[in-house]
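Visitor: Please take a close look at one part of this model, its salt bridges, and follow them through in a connected account.

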Amino acid sequence: MSKFDPYEHLNVVLNQDGSISRLLDFPTTQATGDQHHLPGQAVVSKDITLNEEKKTWMRLYRPSKLPSNDKSIAKLPIIVYLHTGGWIHFSVASTIIHESCNQLCSEVPSIVVALDYGLAPENKLPSQYHDTVDAVLWIKNQALDRVNGEKWLREYGDFSRCYLYGVSCGGNIAFNSALKLLDKKLEPLRINGVILNQPLFGGKMRTKSEMRLATDPFFPLPVIDVLWDFALPKGIDRDHRFCNPMMNGPYRDKINKLGRCLVIGFGGDPLVDRQQEFVQMLVKEGVMVEARFDDVGFHGIEVVDSRRAAAIINFVKEFV
């Protein structure tokens with residue numbers, strides 16, 4: 001392990017000012033636009049600026065075939081999607097993320113609002129939580145604006161069935177943002193549940209799964225350590241609640257107000273022990289939890305295994 005270079009594994013170079021140079025140029029896909037889609041295309045998408053100053057934006061997705069103005073047709077759940085990427089990689093325009101959102105939108109079916117939050121280390125925690133709160137408040141404002149509110153949300157979205165769905169670091173963002181949103185007045189919007197797919201949590205003490213899978217080819221322990229160095233503000237260690245939600249603190253008093261949670265994990269993920277401990281903590285705090293753990297599989301398996309990707313979509317579909 002001594003010769004292992006986590007920066008090389010992540011394809012980044014750490015700059016003197018604390019920023020990073022990303023050496024990989026991930027393929028991107030443009031949104032279809034409001035009106036234009038190809039025959040047979042199941043989903044249409046468009047981009048919307050959230051905060052110009054912070055350079056945050058969203059990509060909205062809706063199924064292309066929708067009944068117009070038929071009040072008897074049930075409206076679709078709204079899913080706020082928080083992407084994977086270890087805090088440092090990807091955008092919602094990245095093809096791998098775009099295709100995941102297309103699938104989520106088409107197969108649940110749902111209106112998906114994918115947030116392009118600020119990446120670390122240029123943006124340290126909790127800025128990603130604040131970006132998510134901004135996105136949810138933007139959705140609420142569309143419900144209130146009967147004249148200029150976003151048409152896709154107003155005509156096809158059910159504001160009483162809004163979900164936060166995060167993958168890996170996005171799962172961390174979903175959980176912490178859901179806690180922040182408890183202090184906001186969201187009506188007529190309602191957060192109906194939080195979905196944490198292989199959430200990225202940490203802590204100073206190593207778990208058994210972290211030690212057992214320290215040399216995992218995809219997500220080895222030195223890489224996880226570096227990602228936390230990138231994400232956490234200076235002076236904050238890995239037992240801070242941003243990283244370790246199992247620690248005691250005033251925020252624990254709010255957890256029982258979260259509502260329903262779905263937690264998904266795999267036995268070959270170094271993070272699995274933390275994820276299962278997290279589920280136990282939620283149950284202890286009185287949260288309604290659905291835990292879907294598979295002994296077989298690894299962190300990010302759905303990227304390379306379409307069968308697992310379909311299974312995860314089905315878990316989400318049943319939950320919403």
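Guide: With a relative accessibility of 36%, K54 counts as partly exposed. In this scale, buried means under 20% relative accessible area, exposed means over 50%, and partly exposed lies in between, with a 1.4 Å probe and protein chains only. The model is predicted, so local features need a pLDDT of at least 70 and side-chain atom pairs count only at pLDDT 80 or more, whereas totals for chains, interfaces and linings use all residues. Residues are numbered from 1 along each chain as its sequence is written, and side-chain values use heavy atoms, with hydrogens and water left out.

The side chain of K54 meets that of D131 in a salt bridge of 2.9 Å, N to O. This pair links distant parts of the chain, 77 residues apart: K54 is in the loop between β3 (43-51) and β4 (56-63), and D131 is in helix α3. A salt bridge here is a side-chain nitrogen of Lys or Arg within 4 Å of a carboxyl oxygen of Asp or Glu. Helices (H or I, at least four residues) and strands (E, at least two) are DSSP runs, numbered from the N terminus. D131 is buried, with a relative accessible area of 3%. Its helix, α3, covers residues 127-144; 13 of its 18 residues are buried, so α3 is largely enclosed by the rest of the structure.

A search of the whole structure finds 15 salt bridges. One of these joins the side chains of D183 and K254 (2.9 Å, N to O). D183 lies in the loop between α5 (169-181) and β8, and K254 in the loop between α7 (221-231) and β9 (260-266), so the pair ties together parts that are 71 residues apart in sequence.

R252 forms a salt bridge with E285, and their closest N and O atoms are 3.0 Å apart. R252 belongs to the loop between α7 and β9, and E285 to the loop between α8 (272-284) and β10 (288-294); the two are 33 residues apart, and the pair links distant parts of the chain. R252 is buried, with a relative accessible area of 10%, whereas E285 is partly exposed, with 23%. Elsewhere, salt bridges that share partners join K54, D131 and D134 into one network.

Definitions and conventions
The expected span of a helix is 1.5 Å times one less than its number of residues.
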